[in-house]
Amino acid sequence: MAIATPGAAPVDSTAALSTVTRKGRFGAVRRRTDPTRGGVAGKGPLQKLTPWLFLAGAVGLLLLFTYWPALNLFYFSVTDWDGIDLEKNLVGLDNYIEVFTDPRIFSVFGVSLYYFAASFAQMAIALYFATILSFSTRFSSLFRGILFFPYLINGVAIGFVFLYLFQPGGTLDTVLSWFGVVDPPQWLGDPDIVNWSLSGTSVWRYTGMNFVLFLGAIQSIPHELYEAADLDGASRWQQFWAIIFPGIRRVIGLSFILAISGSLAVFEIPFIMTGGANGSATFVIQTLQTAFTFRNVGLASAMAVVLLAIVLVVTWIQRKVFPDEKVDLT
């Protein structure tokens, strides 16, 4: 036991004093930094502006590369600009009138019907394989990769691959000759067949995207529903119509919207493989040719605006006819 001398502080008074000092010091820090305690410190101007600075970058890029070109597109559509001269003369709605009155412009929408039919084929194929591979199947991971792999390939590469496939004496003709076909058709040269060949190429490429969408939606359905269906003796076909199809209805609606817009705006495959020849020109290819081959950017801009309006109207009609209903399977 320590003995304190007269007039001296106790031995443990230093620890007590430092404890009090620390409490007071930290308490003062809390009072200065905690706004709820009446302190003066808070978020500085830079901290308040930081979220807006991050947002300004994204919004600036969106305005610069999306909305500003769109506004220029509307402006060019009411002019006679040829894409070269600096002078642009306003012509009003003459370009739009020509778009709706020239039968050569709207006739190319008939080509989109081939791709529209092909989109239903790819949705059916994707839904079939997604349903099968959602259950326990041998080598399911391998088959999933095989189905999704074509979607990962660049569209230009796919166009060149199928160009060699469909050329006279190419891979397809060689395979058909093994089965006795000695006079195969001109797959890309016959106007009656070329669009079927090109739309079949689109089916091969885009089936993987729909497959992944459908597979993810099917796997999100609670597994207990399948167990209850198995106990009730339901077959796989009955489970599909009673559980799977209602559960992925929203995803099917989304794929339907993408099918409509995609069939109206097809560009890569026919442009690479045929360049729009032999009756394979789509509306986008014709718009490109109008702008850069015939030097009529004003008319091409009007065609682009009309295509955008058609896609928006068709999508709106689809949403009205097939509303986005909430599906509750539980």
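Visitor: Which residues form one aromatic cluster with Phe100?

Guide: Rings of Phe, Tyr and Trp (its six-membered ring) pair if their centres lie within 6.5 Å, and planes under 30 degrees apart count as stacked, over 60 as edge-to-face and the rest as tilted. Here Phe100 forms one aromatic cluster with Phe106, Phe109 and Phe283. This is a predicted model, in which local features need pLDDT of at least 70 and side-chain atom pairs count only at pLDDT 80 or more, whereas totals for chains, interfaces and linings use all residues. Residues are numbered from 1 along each chain as its sequence is written, and side-chain values use heavy atoms, with hydrogens and water left out.

Visitor: How many aromatic pairs does this rule give?

Guide: The count comes to 22 aromatic pairs. One of them is the tilted pair of Phe162 and Phe166, at 6.0 Å centre to centre with 40° between the planes. Both Phe162 and Phe166 are buried (under 20% relative accessible area, where exposed means over 50% and partly exposed in between, with a 1.4 Å probe and protein chains only).

Visitor: Where does a charge sit over a ring?

Guide: The rule asks that NZ of Lys or CZ of Arg be within 6 Å of the ring centre and within 35 degrees of the ring normal. Lys88 lies over the face of Trp81, at 4.7 Å from the ring centre, and the charged end of Arg236 sits over the ring of Phe135, 4.0 Å from its centre.
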